[in-house]
Amino acid sequence: MGYDPQNPMKDRITDIGPPHYEQFFPPVIKENYGKWLYHEILEPGVLKHVSETGAECYTVRIGSARLISTSLINDYCDMADKHCDGYLRFTTRNNVEFMVDSADKVQALVDDCNAHGMMPVGGTGAGVTNIVHTQGWVHCHTPATDASGVVKAVMDELFDYFTSMTLPAQVRVALACCLNMCGAVHCSDIAILGVHRKPPLIDNDTITSVCELPLAIAACPLGAIKPAKGVNSKGEEVKSVTVNVDRCMFCGNCYTMCPSMPLADPEGDGIAILVGGKISNSRSAPKFSKLVIPFLPNNPPRWPETVEAVKNILEVYAKDAMKYERVGEWAERIGWEKFFEKCNIPFTDKSIDDYRLAYDTWRTTTQFKFTSHIK
Amino acid sequence: MPKHDTPMLDQLESGPWPSFVTDIKRQAAKNEACWDILGQLELSYKDKITHWKHGGIVGVFGYGGGIVGRYSDVAKKFPGVAHFHTVRVNQPSSKFYSSKILRQICDIWERRGSGMTNMHGSTGDLVLLGTFTEQLEEIFYELTHDVGVDLGGSGGNLRTPSCCLGKARCEWSCYDTQAACHDITMTYQDELHRPAFPYKFKIKFSGCPNDCVAAIARSDLAVIGNWKDDIRIDQAAVKGYINGEFPANGGSYSGRDWGAFDIKAEVLDLCPTGCMWMEGDTLKIDDAECTRCMHCINVMPRALRPGVEQGATILIGAKAPILDGAQIATMIVPFIKMDPENDFEELKDIIEKCWDWWMEEGKNRERIGESIQRIGLPTFLKVMEVEPLPQHVKEPRSNPYVFWKEEEVPGGFERDLAEFRKRNPM
């Protein structure tokens, strides 16, 4: 019975994969699978899907912190047991969805969610939905900022946009705590990115025993790392590396490969803001997000500078963009010079690309607008 | 009783968005270790730096991945998180659950872990956040024997595939994303659990070009639903939109007064190819010119539907910036059938051709998108046995640095200088 450490391979079950999805379908989903005709958003957070059989599925979407306890998951389960035959699902942006099969079951479910205190209803249509985010200081070893804290601070400030649908289009906000960009930061309307600004330290007491030096050298996108002799704290010569500081842009990938090259720093580290990415193919092709604010300080617990910057961009966009226009489509239509002017964001050399294919991003035309930048 | 003072984290208990701090504090009543999560996080807020040591290699016998090891660098202060390993559990396709299975998993996790989770990781896994090494085999035993669920992937291997909710609750899905995701996950269990690749490889399944699982940005191989024939038009419903009986975009914009629906401004003029027009009150689409961006269908879901000849487009090579810059996936195969009846044979053929090539040619820690950039798209198309098409490029190359193969040029590359000099003396 149970795992036997003396016989580790005994009774071992492997390669069974995930449980089959179909057993978790609410009856209305199972019966109308592939038969859906159209949908409507009845109010923020409430969707209605209509099947060719005439059946209806009503979905109530609630926000979630993603980092959640088993106690809260059990609350979700209680909610599902009470209203939804014990079924629920999670979205690709880490919201939670409860489904019922008739209109008269919706209000009680919405009321119960709102009464809970940790289940805000919303996240549909042209608003701000959940922020896709990463581990931050809660679990990761390479972050330049926290994830959960920044997300909470930003979502508190943007909460009214979660529970309403007043924007020109949906706005996807994402956060990654370092430029490995786990998640969606490189393709989001507004992206919050943890960045370093100091080159790595080199720990010559440990580097020879814990690092494969060629891997650390190959990890650098700019070839800033070279093999070199180092001197440890006992004065002994050891095999090590040097970092050409002029070529280092603080990506941290060498630390990912080599524990003896840490670079995190309380003053150096902070947040960059990127905007204008999208994933859908609707109207325009998918776009990368672009760097518009190179640095904001880490200021826990509420990161006021970051919250202010995100809110400012969102509100200028909300006022200026046309219906259906995503942030990137808006910025490209008005021109990035106008984006900086309207958002009152200082333009710096840090926003000018100087990496490999950078030339393609420079302006090779006389077409530009005169803005306050040209004195 | 709180074990540590957390004045900064306490400030994240106010405000309307669900507070992870409040939630962790509540869990701490059940599991003391949660106080140490908060204690160490508060220290990070004070120091503005992470307090997790670099890396950590732990796992379960038989597998080369699935668990992310983590150790505190201030374990004396916070013994509850001295080990804080993460267990990736393979989620069911599109994350439908019963309360029964979630309660089973919670029960194991409350006994053997911190009780904190991520629902879900960005790749899709159900993430159990924080346990000690000696619990890993016990957790794995209970997950496989009692719940019937396996670990997800980590390391240089096939990571956990994921999908949008597809035909389960969407009228636009052009193939069965869940069946495909499940089938591929089960077929390639060995590639998922035992790292055999140059680097990580992700597969994501979206039912249509709206791409709700972000396959084009977040998977090495993106399977995005598409159709080949004409958009289905219900002209009566088109009139319904024009007359204001149905809300544009299913009501997505109802929070603001955008004026009455204007089909010309909101649909015809925003069509990226300009292939739509009105003849009287009849909507016309020149489908041969349509690039199936979804805009008109998104705006008028009751009137317009994807065609009936459905399948998927395959795009390859998306990745985040490290090392050579971020990539959005490149279109490789314009259209394949996605048939559960033949076990997604066409898709598997594509996946295996990719892997055969990349496992040989890919350098250490080189994503397939970077391998394609290094070796060139023309070579990759040959490997994939795909004819070069104009659809493979946004635009033809502008530089003239064209490679020709020797066999493509009459007479080949072997030439005699003496012969050349007979006609062209120095």
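Guide: A word on terms to start: strands are DSSP runs of E with at least two residues, numbered from the N terminus. Please keep in mind that this is a predicted model.

Visitor: Thanks! Where in chain B is Lys95(B) found?
Guide: Lys95(B) is not a glycine, yet its phi is positive, at about 65°. To place Lys95(B), look along chain B for strands S2 (86–89) and S3 (96–98). Lys95(B) is in the loop between strand S2 and strand S3.

Visitor: Is Lys95(B) buried or exposed?
Guide: Buried means under 20% relative accessible area. Lys95(B) has 8% relative accessibility, so Lys95(B) counts as buried.

Visitor: What is the phi of Asn94(A)?
Guide: Most residues other than glycine have a negative phi. Asn94(A) sits in the loop between strand S5 (87–90) and strand S6 (96–100) of chain A, and its relative accessibility is 5%, so Asn94(A) counts as buried. Asn94(A) is a residue other than glycine with a positive phi, near 65°.

Visitor: Which residue does a cis peptide bond join to Ile322(B)?
Guide: Most peptide bonds are trans. Here omega is about 5°, and the bond is cis.

Visitor: What is omega for the peptide bond from Pro300(A) to Pro301(A)?
Guide: Pro301(A) belongs to the loop between strand S12 (290–297) and helix H9 (304–320) of chain A. The bond from Pro300(A) to Pro301(A) is cis, and its omega is near 5°.

Notes
Residues numbered from 1 in each chain as written. Chains lettered and ligands numbered in written order. Predicted model: local features only at pLDDT ≥ 70, side-chain atom pairs only at ≥ 80, totals over all residues. Heavy atoms only, no water. Helix = DSSP H or I, 4+ residues; strand = E, 2+ residues; numbered from the N terminus. Buried < 20%, exposed > 50% of the residue type's maximum accessible area, 1.4 Å probe, protein only.
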